[in-house]
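Hi everyone, thanks for coming.

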Amino acid sequence: MKLNLLVITVMTIVLATAQAGYAQCEEPVIEQLTSGDVDKDNVRISGVHAVWQGEDPNGGDWEIYYYDGSTVTQLTDNNTADIEPDIKGSNVVWQGRDANEGDWEIFYSNGQCFLQITDNNQDDGNPQVSASRIFWKGWVGVNWEVFSAAFPVGVSMKVSPRTINLKSKGQSITATLLLGDDLKADDVVVSSLRLLGQVPASKVKISARSNKLIAKFDRPEVQTLLQTGNDVEITLTGKMQDGTFITATDTVKVIKPGN
Ligand SMILES: [Ca+2]
Ligand SMILES: [Ca+2]
Ligand SMILES: [Ca+2]
Ligand SMILES: [Ca+2]
C-alpha cells in the first residue's frame, strides 16, 4: 500500500516537472459579461469583439448579442430564433428563422446597417464571415450546398453618351471606370463585366498609367433594357482577379423622341 502511494507521488512529481518547462502565464482579468436567468450560447470572437446567442428573457426565443470590448448590444429583437452567430471585425452574421415560412435565413450586420442575405423557402445555416465575404450552407432540393456572398467595392464610372436616345442606331455605349487607389485596372477580369446585370463588354481598353478601364457595350442590347427618364441608373458589375467584386453606378438621361 505504502509503496503504491510512493509510486503515485513520484509519478505526480514527474508530471508536474514536465509541465514546469513553461513559466506560469500571467493571470488574466476575468469579467462576467452577461447575467440574468436565461442561457447564452455559441460565443464567437474576433479580436476583442464577440458575439453570442442569448435567450430573450421576455419571449423565450434566441437573440444575437454583440460585445465591442466594453458594451453589449442586442442586435436582433423579434419573436423567432436567431442563432449560430459568427464575427470578423465589425461584420456579424447569424441564422434566423423566417417568421412566415418557418425556414432559416442568413442575416448580416456591420454595426451601421442590417441586411437579410437569403430569402427563399429552404433552410440556410451555419454562416461564417470574413472581412468581405459570407459563406453558409443552404438546402437545395435534396442536399446541402455551399453559398457565398461578397460585398462589392464601389468604383467610379462615367457612361457616355450622357443622353441615350432609344431610337438611335448607334453601335455602342461606353463606360469609363476609374479604379481608385486600392484596385488596379489591369486586375479587372474583363469577361466578368456586365452592364445592367447582363450585357457583357464587347471591347475593353485598359490604361494602366491612369488606372482606367474603358469598356464598350452593344448599344441595341443595352437599349432594350432601358426605360425613358431623366435620371436612369446604369450599373456595372464585375470581378477582380483576387475574387473581389466591383460595382459602379452612373445616372444618364434616356429619351425616346416622338413618344
Ligand atoms: Ca429572436
Ligand atoms: Ca425575442
Ligand atoms: Ca432560407
Ligand atoms: Ca424564407
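**A short tour**

Let's begin with one pair of residues: Val 129 stands opposite Ile 134, which belongs to β10. What you see here is a predicted model, by the way. Strand β10 covers residues 133-140, and its antiparallel pairing with β9 runs over four bridges. Both strands sit in an open, antiparallel sheet of three, ordered β9-β10-β11. At its edges are β9 (124-129) and β11 (143-150), each pairing on one side only. On average, neighbouring strands in this sheet are turned by 20 degrees against each other, direction ignored.

Now let's zoom out. How is the protein chain divided into domains? The domain assignment gives domain 1 as 40-150 and domain 2 as 153-255. Their C-alpha centres are 34 Å apart.

Next stop, strand β13, residues 156-160. Met 157 and Val 159 make up its covered face, while Ser 156, Lys 158 and Ser 160 are on the uncovered one. β13 pairs with β15 (residues 172-178) in the antiparallel sense, over five bridges, and there Met 157 has Leu 177 as its bridge partner.

Which residues have the most contacts inside the largest nonpolar core? They are Met 157, Ala 175, Leu 177 and Phe 217, in a core of 22 residues. β13, β15, β18 (212-218), β19 (229-239) and β20 (245-255) each give two or more residues to this core. Apart from it lies another core, with 16 residues, including Trp 52, Trp 62, Ile 64 and, from our opening pair, Ile 134.

How values were computed. Residues are numbered from 1 along each chain as its sequence is written. Chains are lettered from A and ligands numbered from 1 in the order in which they are written. This is a predicted model: local features need pLDDT of at least 70, side-chain atom pairs count only at pLDDT 80 or more; totals for chains, interfaces and linings use all residues. A residue is buried if 20 or more other C-beta atoms lie within 10 Å of its own, exposed if 12 or fewer, and partly exposed in between; C-beta atoms are placed from the backbone. Two strands pair if DSSP finds at least two bridges between them. Domain bounds come from an automatic or database domain assignment. A nonpolar core is a set of buried Ala, Val, Leu, Ile, Met, Phe, Trp, Tyr and Cys residues joined through C-beta atoms within 7 Å. Axes are lines fitted to C-alpha atoms, for helices over the stretch in contact, and angles run from 0 to 180 degrees between N-to-C directions.
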